[in-house]
Every structure is written in structure tokens, then in C-alpha cells.
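Please look over the sequence and the model before reading on.

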Amino acid sequence: VLNSEYADVFGIPSALFGLFAFGVFTFVSVYPFLSSDKEEKVQKIQETKLPMVGISTAMAVFSAYNLSVMGLVLHAFCQFCIASAFISFLLF
């Protein structure tokens, strides 16, 4: 799976896209709690809700695409890919 023609997107390994997406999601979810002011924290939580929904939706859609390629085209599965997809669906 990781050596197939579907492993890269525009010459960049898809695993790097996943790492970047999980990193951005983690930063956006932790960002409000970096503030010590309670009112500012509440405001930042409200501001980050929509980006978190957007990022988690994109991750879930891309994971569904990857799972369909693995099952329907490659007929092979990657344990890391399945774990990543599972986490993406949980975040969604």
C-alpha cells in the first residue's frame, strides 16, 4: 500500500499529509487552552469550533477515500492507514 502509485499525492507521500493534518488539528484544539484569561479562552473555543469541524471532515473524507482505494483497487491494507482512518472517524 505504501509503495503503490496511490501512496503519493503530487510527489508528496500521503503519510506526510496525514501527519500535517493531525498536527494542525492538535494545534487548533489546544490553542484555546494556551490563554490564561477565562473569557479569552471561551472566545477562542468558540472561534476554533468551525475550523476543527472542517479539518476533521476533510480528514474523514480523505480516510474514506484511502480505505476504498485499499479495499477496491489495491486489495491490500496497511495497519497504520487503518489506525489513522479510525482516529480520523473518531475525531469527526
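How many nonpolar, polar and charged residues are in the lining of the largest pocket? In this predicted model, the lining has 22 nonpolar residues, seven polar residues and no charged ones.

**Largest pocket**
- The largest pocket holds about 600 Å³ of space.
- Its lining is made up of 29 residues, and those closest to the pocket centre are Ser14, Ala15, Gly18, Phe62 and Asn66.
- Helix α2 provides the largest share of the lining, with nine residues.

**Ser14**
- Ser14 belongs to helix α1 and is among the residues closest to the centre of the largest pocket.
- Ser14 counts as buried because its relative accessibility is 17%, under the 20% cut-off.
- Apart from neighbours within four places in sequence, Ser14 contacts Tyr6, Ala7, Asp8, Val9 and Phe62.

**Ser35**
- Ser35 sits in the loop between α1 and α2.
- Ser35 has a relative accessible area of 9% and is therefore buried, as the cut-off is under 20%.
- The Ser35 side chain comes to 3.4 Å from the backbone nitrogen of Asp37.
- With neighbours within four places in sequence left aside, Ser35 is in contact with Glu40, Lys41 and Lys44.

Definitions and conventions:
Residues numbered from 1 in each chain as written. Predicted model: local features only at pLDDT ≥ 70, side-chain atom pairs only at ≥ 80, totals over all residues. Heavy atoms only, no water. 1 Å grid on protein atoms, 1.4 Å probe; cavity = no way out; pocket = protein on both sides within 12 Å on 5 of 7 lines; lining within 4 Å. Points joined across faces, edges and corners; volume = space filled by probe spheres on them. Helix = DSSP H or I, 4+ residues; strand = E, 2+ residues; numbered from the N terminus. Nonpolar A, V, L, I, M, F, W, Y, C, P; charged D, E, K, R; others polar. Buried < 20%, exposed > 50% of the residue type's maximum accessible area, 1.4 Å probe, protein only. Polar contact = N/O pair within 3.5 Å; in protein donor to acceptor, adjacent residues only side chain to side chain. Contact = heavy atoms within 4.5 Å.
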